[in-house]
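This briefing is meant for someone opening the structure for the first time.

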Amino acid sequence: MHYARNTWYVAAWTADLDMSKPTGLRILGERIVLFRTESGKLVALEDRCVHRLAPLSLGRCEGERLRCMYHGILFDSDGAVSEIPGQDVIPRDAKVRAYPVVDRHGWVWVWMGDPALAYEATIPATIGTDNPDYLMGHGFLDYDCAAHLISENLLDFSHIGYVHADSFPQGDQMAKTHADIRPIDQGIRYRRWVENLASDAAGFPAEPLDHYMEYDYVIPGILMMHIAGFPLGTAKSLEFGSPDLANAVRDLTFTGQAVTPIDEHTTRYFFCYGMHRDFGTEQMIEPMMQLVRKAFAEDKVMIEAQQKVIDETPDPRMIPTSHDRSITMYNRMLDKMIRDETERQAVA
Ligand code: FES
Ligand SMILES: [Fe+2]
C-alpha cells in the first residue's frame, strides 16, 4: 500500500465512541480495536486475539484490560496477555501490537508507524467539536475509492463551480482565477478571496461581502479551513493579501476534515463544520450541515465514478492542468515521505 506510516491518522470522532464497549475499525488495511479503560485511558490494539485470531472488538472491557470473549484470554493495555483461563504459563510472545493513540480536538488519532517516533506535538492544530469558541456539527462518510482521490479533490477547489453547481454560489469564479498556494511543513497552504458574494455561510441569500478562504492540507490528509466575510472592498484594499480573521464581520466558519484509508479501495472521510460563537447560534448549524452533507454527497458521486473509470483503464494516464499545482506539490511531499520510510526500513 502506498501510504505514509509515521503519521497520525484520524480513527474516529471521540463523541461517537461507545465507551462501554470496544470498537473495531480498520486503517491502512489493519484491524484495530479501540477501548477506554476504567481509569479513562484510551487504548488501540491489534484487533486479533493471539489464540485463534478472534476479533478483540467482540471482547469485554474489564478495568484496565480487555478480555477476548471467545475463550477468555485477558490483554493488558500494552497488548500483552496477562491471563489465560486454565493455564498458568503465558507464552512470551503472547502479545498483540499496541498503537500510540491520542484523543485530541474531538478526534481519536492513531499512529500507524514506529511507536518510537510518535510525538503528540505533531498532531495538527485543528479546531474540533470540543472547541468552546465554535458551534460545530460533525459526521463521516465512507467512500468506495482510494484515499488519494479524495485528497486530490480537496487540494483543487476549481471543482466547486461544477461538482457543486447546485450547492455553492461561487460559480466558476473558483476555476477561472487561481488561489495563492504555497508549500508549508507537511503540506500546502491555500488562500483566496471571493469578492462580492451574496450568500451567507449556510448558503442563504444575504448582504454581499468579500469572502476570504484559507486552508492548510497536511499529511496524511487533514484539511483545516477558515472562511470569513469582510466588507465589500476589503479584498482590493488588502491587495488580495491575508486579512486578520478577528476583523471578520460575518460568516466566520471553520471546517476540519480528515481522509483516512480503511484499505486500498475504501476510505473514511471525517468532517466537522462550525460557526464562531460570536457570529452564530445553535439554530444555524443544522442548515450549514445540510449544505455540507449535500456537497459531500456530490463529491462522493463524482469521485467513486472516477475510481471506477480509473479501475477499468489499462494505463490510466492523467493530463494535469494549472489547478493541479497543489496536488503535485502535496503528492511530491507524500511520495518523498513514503520513500524515506521505505529506505529507513530497508536499512533497519
Ligand atoms: S480466540 Fe481469543 S481466547 Fe480464543
Ligand atoms: Fe467538493
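Thr253 is found in strand E17, which covers residues 250-261. The model in view is a predicted one, and the domain assignment of the protein divides it into domain 1 (8-122) and domain 2 (134-333).

**The surroundings of Thr253**

- Thr253 has a relative accessible area of 2%, and it therefore counts as buried, the cut-off being under 20%.
- When neighbours within four places in sequence are left aside, the residues in contact with Thr253 are Tyr134, Ala201, Met225, His226, Ile227, Tyr273, Gly274, Met275 and Met288.

**Where domain 1 meets domain 2**

- Between the C-alpha centres of domain 1 and domain 2 there is a distance of 34 Å, and contact is made by 14 residues of domain 1 with 16 residues of domain 2.
- About 1,200 Å² of area is buried between domain 1 and domain 2, with carbon and sulfur atoms giving 68% of that area.
- On the side of domain 1, the residues that lose the most area to domain 2 are Trp13, Arg26 and Trp107, which together account for 45% of what that side buries.
- One salt bridge is counted between domain 1 and domain 2.
- Asp263 and Arg26 meet through their side chains in a salt bridge, with a distance of 3.0 Å from N to O.
- Seven residue pairs, both members having pLDDT 80 or more, are found in polar contact across the interface of domain 1 and domain 2.
- The side of domain 1 that touches domain 2 receives at least two residues from each of strand E1 (8-13), strand E2 (23-27) and strand E11 (107-111), and E1 supplies the largest share of that side, namely six residues.
- Sorted by class, the side of domain 1 that touches domain 2 consists of eleven nonpolar, one polar and two charged residues.

- Side chains of opposite charge can pair when their charged atoms come close.
- Glu83 and Arg67 form a salt bridge in which the closest N and O atoms are 3.4 Å apart, and this pair links distant parts of the chain, since Glu83 belongs to strand E8 (residues 81-83) and Arg67 to strand E6 (residues 65-67), 16 residues apart.
- Arg182 forms a salt bridge with Asp180, and here the closest N and O atoms lie 2.8 Å apart; Arg182 is partly exposed at a relative accessible area of 41%, and Asp180 is partly exposed at 30%.
- In the salt bridge of Glu286 with Arg293, the closest N and O atoms are 3.3 Å apart, while Glu286 is partly exposed with a relative accessible area of 39% and Arg293 is partly exposed with 38%.
- Salt bridges that share partners also join Arg60, Glu62, Arg67 and Glu83 into one network.

Key: Residues numbered from 1 in each chain as written. Chains lettered and ligands numbered in written order. Predicted model: local features only at pLDDT ≥ 70, side-chain atom pairs only at ≥ 80, totals over all residues. Heavy atoms only, no water. Domains from an automatic or database assignment. Contact = heavy atoms within 4.5 Å. Buried area = accessible area lost by both parts, 1.4 Å probe. Salt bridge = Lys/Arg side-chain N within 4 Å of Asp/Glu carboxyl O. Polar contact = N/O pair within 3.5 Å; in protein donor to acceptor, adjacent residues only side chain to side chain. Helix = DSSP H or I, 4+ residues; strand = E, 2+ residues; numbered from the N terminus. Nonpolar A, V, L, I, M, F, W, Y, C, P; charged D, E, K, R; others polar. Buried < 20%, exposed > 50% of the residue type's maximum accessible area, 1.4 Å probe, protein only.
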